[in-house]
Amino acid sequence: MLVVEEIISRAKVFFNIIIALLSDERLDCRRRREHIVRYVMAHRMPDQVSRVFRLTCNNDKDCLDNLRMDMSSFARLCYLLHNVGGLSNSKYVRVEEKVCFFLSVLAHHKKNVTVKFDHVRSGHTVSIYFNAVLVSLLKLVPILTVTPKPVEDGCTVARWKHFKGCLGALDGTYINVQTPLAHKPRYRNRKGGISVNILGVVDRNMNFVYMLPGWEGSAADGRVLRDAVSGDNGLKVPTGEGVRYHLDEWAQGCQAPQDQKELFNQRHSKARNIIERTWGIMKWRWAVLRSTTFYPLRTQNRMILACALLHNFIRREMEVDPAEAQIHEDHREFYNDDLPAEVEYVASIDPSNEWGVWRDNLAGEMFYEWRGGL
């Protein structure tokens, strides 16, 4: 009997010890929970709203510096993306903030980790809505692509008055990209960089009327051009007959045009310089075009096209293009760097007979006028 009572007594002691230990553990858990800061969207929303307000509703200068357009243009862009591109508000992120994500990446080549910190968002949120804005923007191609107008007979602009009926100028440029190791030889250009070869066509007001991204950097300009203008009614691009191209009209002696062909090439070079200036403005405005990104190659090509569409939108909506106001002749690093370092001689030609006659007649008229009608 005494043995049984002793066993029961000891069991009660052990039971009380276990109860005490469990109570201490629950108390410790409760204390730890009091020090845990849980993720609650309501806590972050004031910071998120404040960031978007500072970018888009505070003043035009901040909006221009960060998003490359003024507040009014930004509002119209959001309207187009929402009503035409199909971009909608989500539960916690409005259209305006999604567009801020997107423009910040293009304008300043910000990484995902930087954008998520600036906007108090997760990296997943930034990535998802960046791609959503990109898809919506590409749906605006019919709206933002400009239809060119030909040079009229009464044009008095020295650069264009001789080229009646001209729609614009075209040229290619290299944009650095990131590719898988196995594909790098295909994308290595003649300067040794890994890039894509982009063909662009602009009108006289430096608006893009056509762009063909995606060709490997190793592809020759002629190959890219054939892809763009193939067909029976394709564009015919003569290249001269062993005649110097880039010349100084006001130079003396052998540096000045010596005949009607050289004068034609010199003025033709001045007219097509509009595409060089456009590429310069594009690369100044969108930093993502000036250095390699780490997006998939297909996304990188879409981003290049998106930059051209936004370029057209800004020039249409703003009276003065801020990028053009900042670019001067001494900022050559932003211009297309494919200009020749020396006098260029072109040795092949494949025009139609009709085009050849038209060009020769125009060259003769230019030379006669330049020589003072002598």
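Modeller: One term before we start: buried means under 20% relative accessible area, exposed means over 50%, and partly exposed is in between, using a 1.4 Å probe and protein chains only. With that, Thr56 is buried, because its relative accessible area is 7%. Keep in mind that this is a predicted model, where local features need pLDDT of at least 70, side-chain atom pairs count only at pLDDT 80 or more, and totals for chains, interfaces and linings use all residues. Residues are numbered from 1 along each chain as its sequence is written, and side-chain values use heavy atoms, with hydrogens and water left out.

Biologist: Got it. Where does Thr56 sit, and what does it touch?

Modeller: Thr56 is in helix H2, residues 41–56. Helices here are DSSP runs of H or I with at least four residues, strands are runs of E with at least two, and both are numbered from the N terminus. Leaving out residues up to four places away in sequence, Thr56 touches Cys63, Leu67, Met71, Phe74 and Cys100. Contact means heavy atoms within 4.5 Å.

Biologist: And which backbone oxygen lies 2.8 Å from a polar atom of the Thr56 side chain?

Modeller: That of Val52. It's a polar contact, meaning a pair of N or O atoms within 3.5 Å; within protein, one must be able to donate a hydrogen and the other to accept it, and residues adjacent in sequence count only if both atoms are side-chain atoms.

Biologist: Zooming out, how many helices and strands does the protein have?

Modeller: There are 14 helices and 3 strands. Of the 374 residues, 40% count as buried. Among contacts with a separation of 6 or more, residues 24 or more positions apart account for 65%.

Biologist: How many disulfides does a search of the whole structure find?

Modeller: The search gives 0 disulfides, a disulfide being a pair of cysteine sulfur atoms within 2.5 Å. Cys57, for one, is in no disulfide, and its nearest cysteine sulfur, on Cys63, is 8.3 Å away. Cys57 counts as partly exposed because its relative accessibility is 43%. Cys307 counts as buried, at 0%.

Biologist: Let's look at helix H3. What caps its N-terminal end?

Modeller: Asn59 does, with a side-chain oxygen 3.2 Å from the backbone nitrogen of Lys61. H3 covers residues 60–67, and its axis comes within 8 Å of the axis of helix H5 (residues 95–108), crossing at roughly 65 degrees. The contact involves Asp65, Asn66 and Leu67 from H3, with Cys100, Leu103, Ser104, Ala107 and His108 from H5. Those residues divide into 4 nonpolar, 3 polar and 1 charged. Axes are lines fitted to C-alpha atoms, for helices over the stretch in contact, and angles run from 0 to 180 degrees between N-to-C directions.

Biologist: What happens just after H3?

Modeller: Arg68 takes a positive phi of about 70 degrees, although it isn't a glycine. Most residues other than glycine have a negative phi. Arg68 lies in the loop between H3 and helix H4 (71–83) and is buried, since its relative accessible area is 13%. Val120 has a positive phi too, of about 55 degrees. Val120 lies in the loop between helix H6 (112–118) and helix H7 (123–138) and is partly exposed at 22%.

Biologist: New topic, the sheet. What's the strand order?

Modeller: It's an open sheet of 3 strands in the order E1-E2-E3, with antiparallel pairing. E1 and strand E3 (208–216) each have a single partner strand, so one side of each is left without a neighbour in the sheet. Two strands pair if DSSP finds at least two bridges between them. Tyr174 has Asn197 in E2 as its bridge partner, and Val196 stands opposite Glu216 in E3.

Biologist: What lies across E1, E2 and E3?

Modeller: Helix H12 (residues 297–317), running at about 165 degrees to E3.

Biologist: How many residues of E1 are buried?

Modeller: 6 of the 8, so E1 is largely enclosed by the rest of the structure. Leu170, in E1, counts as partly exposed, because its relative accessibility is 26%.

Definitions and conventions: Nonpolar A, V, L, I, M, F, W, Y, C, P; charged D, E, K, R; others polar.
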